Amino acid sequence: MARFVQFEIWENNGGKWEFIASFMDFDLAQVMARKRSYRVRLMHVVYQDGKVVGQEVLTEIGATRQEP
């Protein structure tokens with residue numbers, strides 16, 4: 001069984017989360033996530049045989065405040 005871990009950046013676009021990029025290295029993923037100007041999530045994702053078997057939101061960065 002092929003199992004691997006990666007760090008993914010997802011961006012909120014019009015209320016939907018869209019995949020932006022993935023990295024094997026946490027430090028690189030964190031730097032790239034902080035470079036984004038919109039609301040992003042940095043996720044730790046575990047894949048097994050090409051399917052997601054675990055995921056965790058490590059941080060959410062950006063505009064999280066709702067306008068009245």
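Trainee: Which strands does helix H1 lie across?
Mentor: This is a predicted model, and in it helix H1, residues 26–35, lies across S1, S2, S3 and S4, running at about 5 degrees to S1.

Trainee: And in what order do the four strands come in the sheet?
Mentor: The order is S2-S1-S3-S4, in an open sheet with antiparallel pairing. Strand S2 (16–23) and strand S4 (51–61) are at the edges with a single partner strand each, so one side of each has no neighbour in the sheet. On average, neighbouring strands of this sheet are turned by 30 degrees against each other, direction ignored.

Trainee: How many bridges pair S1 with S3?
Mentor: Strand S1 (residues 3–13) and strand S3 (residues 40–48) are paired over nine bridges in the antiparallel sense, and Arg3 stands opposite Gln48 in S3.

Trainee: Switching to side chains, how many aromatic pairs are there?
Mentor: The count is three aromatic pairs. One of them joins Phe7 and Phe26, whose ring centres are 5.4 Å apart with the planes at 65 degrees, so this pair is edge-to-face. It links distant parts of the chain, since Phe7 is in strand S1 and Phe26 is in helix H1, 19 residues apart.

Trainee: Is Phe7 buried or exposed?
Mentor: Phe7 counts as buried, at 13% relative accessibility, whereas Phe26 counts as partly exposed at 31%.

Trainee: What about Trp10 and Phe19?
Mentor: Trp10 and Phe19 form an edge-to-face aromatic pair, 5.6 Å centre to centre with 75 degrees between the planes. Trp10 is partly exposed, with a relative accessible area of 25%, and Phe19 is partly exposed at 42%.

Conventions. Residues numbered from 1 in each chain as written. Predicted model: local features only at pLDDT ≥ 70, side-chain atom pairs only at ≥ 80, totals over all residues. Heavy atoms only, no water. Pairing = 2+ DSSP bridges. Helix = DSSP H or I, 4+ residues; strand = E, 2+ residues; numbered from the N terminus. Axes fitted to C-alpha atoms, helices over the stretch in contact; angles between N-to-C directions. Contact = heavy atoms within 4.5 Å. Phe/Tyr/Trp six-rings, centres within 6.5 Å; stacked < 30°, edge-to-face > 60°. Buried < 20%, exposed > 50% of the residue type's maximum accessible area, 1.4 Å probe, protein only.
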